[in-house]
Amino acid sequence: MKSENSSRSILNIRPSTGKVSSGGQTALEARFARAQTELSGSREKLVRLILENPGDTFFLSSRELAKRYKVDAATIVRTIQALGYAKFADFAADLRAHFITRITPYALLNAASREKRTLDDRIHSSLDLDLRNLQSLQSGVDARRIIELSKLVRRARRIIVVGIDLAASLSWHLSYGLMSLGFAAEGPVGGTGNIQKRVRSLTSKDLLIAISFKQGLRETVEAALRAKKQGVPTFGITDSADTPIARICDSFCITQVTSISFANSYVAPMALLGTILVACAHTRTAHTFALLRRSEEEDRAEHRWYWSTANGNGLV
């Protein structure tokens with residue numbers, strides 16, 4: 001049973017710098033695969049248990065880990081040394097990276113539910129977490145990558161923004177914003193076939209932007225893989241350098257989506273999309289001004305906006 005502190009630790013995850021192998025394994029899985037033939041049966045079983053339950057173990061010290069699996073601390077130390085780690089801290093870092101790629105909405109909500117809080121506290125805690133995600137973006141955003149993306153957008157003949165499930169809201173927002181700036185962008189919706197057909201038609205003159213977090217949704221990851229094989233420039237928006245999207249795409253931006261809900265928090269990703277649209281608008285300022293001026297004139301002529309007179313009567 002996790003303590004209240006351990007649950008809170010899960011909700012305060014920071015992106016790891018642990019590497020992931022080209023085969024899609026986490027660094028810890030790769031080490032285990034290499035050392036597996038040299039491990040005794042008991043050590044192999046111990047490592048498997050840790051790998052299968054990272055949410056229960058990534059925050060534990062070596063002594064706590066030993067207690068969790070009813071072995072002595074020396075066994076833990078010798079086992080991680082057999083995996084090639086010189087320090088427990090290095091093993092713990094890779095275990096955190098492994099956990100980030102395996103975390104699920106259920107794990108998050110389950111961890112949050114174990115904290116002894118009122119509903120009022122949970123509401124404010126959710127807002128606090130959104131704020132921390134936003135602050136993390138503000139302090140860690142790589143403006144150079146956003147500028148590089150704006151240049152890719154400017155050169156692209158077509159732009160496909162892929163976001164599935166809840167991330168479709170992000171895909172729609174970015175593609176609509178890019179279209180408003182005069183770029184040929186779309187955020188396809190629907191099933192696998194609809195997305196695959198559009199990605200299949202892309203060339204090296206186009207651009208694919210993939211949005212997915214944590215372990216990544218299969219359709220989004222496969223779209224990025226297909227585009228990469230076709231020589232299409234790819235850019236990812238994700239929450240860690242360890243995710244499949246970060247590993248596959250030519251370049252990427254990181255933004256946190258940590259939440260105590262069953263769904264990711266999109267406060268920080270929406271802010272990141274805002275910075276991308278700002279950069280794209282100013283890569284060709286004169287064209288943007290002309291386009292938005294024409295759009296404003298058409299909106300007025302077509303009475304798009306609702307106006308209310310002093311007496312409350314609406315004019316359309």
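Hi everyone. Let me begin with a term: a residue is buried under 20% relative accessible area, exposed over 50%, and partly exposed in between. Asp-142, for instance, has 24% relative accessibility, so Asp-142 counts as partly exposed. Please keep in mind that what you see above is a predicted model.

Let's start with the overall picture. The protein has 316 residues, and 43% of them count as buried. Its secondary structure comprises 16 helices and 7 strands. The exposed surface comes to about 17,000 Å², with carbon and sulfur atoms supplying 55% of that area. As for contacts with a separation of 6 or more, 69% of them are between residues 24 or more positions apart.

Now to the sheet. In what order do the strands of the open sheet run? There are 5 strands, in the order β2-β1-β3-β4-β5, and the pairing is parallel. At the edges sit β2 (185–186) and β5 (251–254), each of which pairs on one side only. Helix α11, residues 168–180, packs on this sheet and touches β1, β2 and β3 (207–211). The direction of α11 makes about 160 degrees with that of β1.

Here are two of the strand pairings. Strand β1, residues 159–163, pairs with β2 in the parallel sense over 2 bridges. Ile-160 has Glu-186 in β2 as its bridge partner. Moving along, β3 and β4 run parallel and are joined by 4 bridges. Leu-208 stands opposite Thr-234 of β4.

Is strand β4 enclosed or open to the outside? Of the 5 residues of β4 (residues 234–238), 5 are buried, so the strand is largely enclosed by the rest of the structure. Thr-234, Gly-236 and Thr-238 point one way, while Phe-235 and Ile-237 point the other way, and all are buried.

Next, the charged pairs. Side chains of opposite charge can pair when their charged atoms come close. How many salt bridges does a search of the whole structure find? The search gives 9, and I'll walk through a few of them.

Asp-250 and Lys-228 make another salt bridge, at 3.7 Å from N to O. Asp-250 is in the loop between α14 (244–248) and β5, and Lys-228 is in helix α13 (residues 218–229), so they link parts that are 22 residues apart in sequence. Asp-250 is partly exposed at 48%, and so is Lys-228 at 36%.

Back to Asp-142, where we came in. Salt bridges that share partners join Asp-142, Arg-144 and Arg-145 into one network. Between Asp-142 and Arg-144, the closest N and O atoms are 3.4 Å apart. Arg-144 has 63% relative accessibility, so Arg-144 counts as exposed.

Last stop: the surface. Which residues make the nonpolar patch of about 330 Å²? They are Leu-119, Ile-123 and Leu-127. Leu-119 belongs to helix α9, residues 119–140, and at 64% relative accessibility Leu-119 counts as exposed.

Note on methods
Residues are numbered from 1 along each chain as its sequence is written. This is a predicted model: local features need pLDDT of at least 70, side-chain atom pairs count only at pLDDT 80 or more; totals for chains, interfaces and linings use all residues. Side-chain values use heavy atoms; hydrogens and water are left out. Patches are made of residues with over 30% relative accessible area and no salt bridge: like charges are joined within 9 Å, nonpolar side chains (Val, Leu, Ile, Met, Phe, Trp, Tyr) within 5 Å. Accessible areas come from the Shrake-Rupley method with a 1.4 Å probe; for residues, only the protein chains shown count as cover. A salt bridge is a side-chain nitrogen of Lys or Arg within 4 Å of a carboxyl oxygen of Asp or Glu. Buried means under 20% relative accessible area, exposed over 50%, partly exposed in between (1.4 Å probe, protein chains only). Two strands pair if DSSP finds at least two bridges between them. Contact means heavy atoms within 4.5 Å. Axes are lines fitted to C-alpha atoms, for helices over the stretch in contact, and angles run from 0 to 180 degrees between N-to-C directions.
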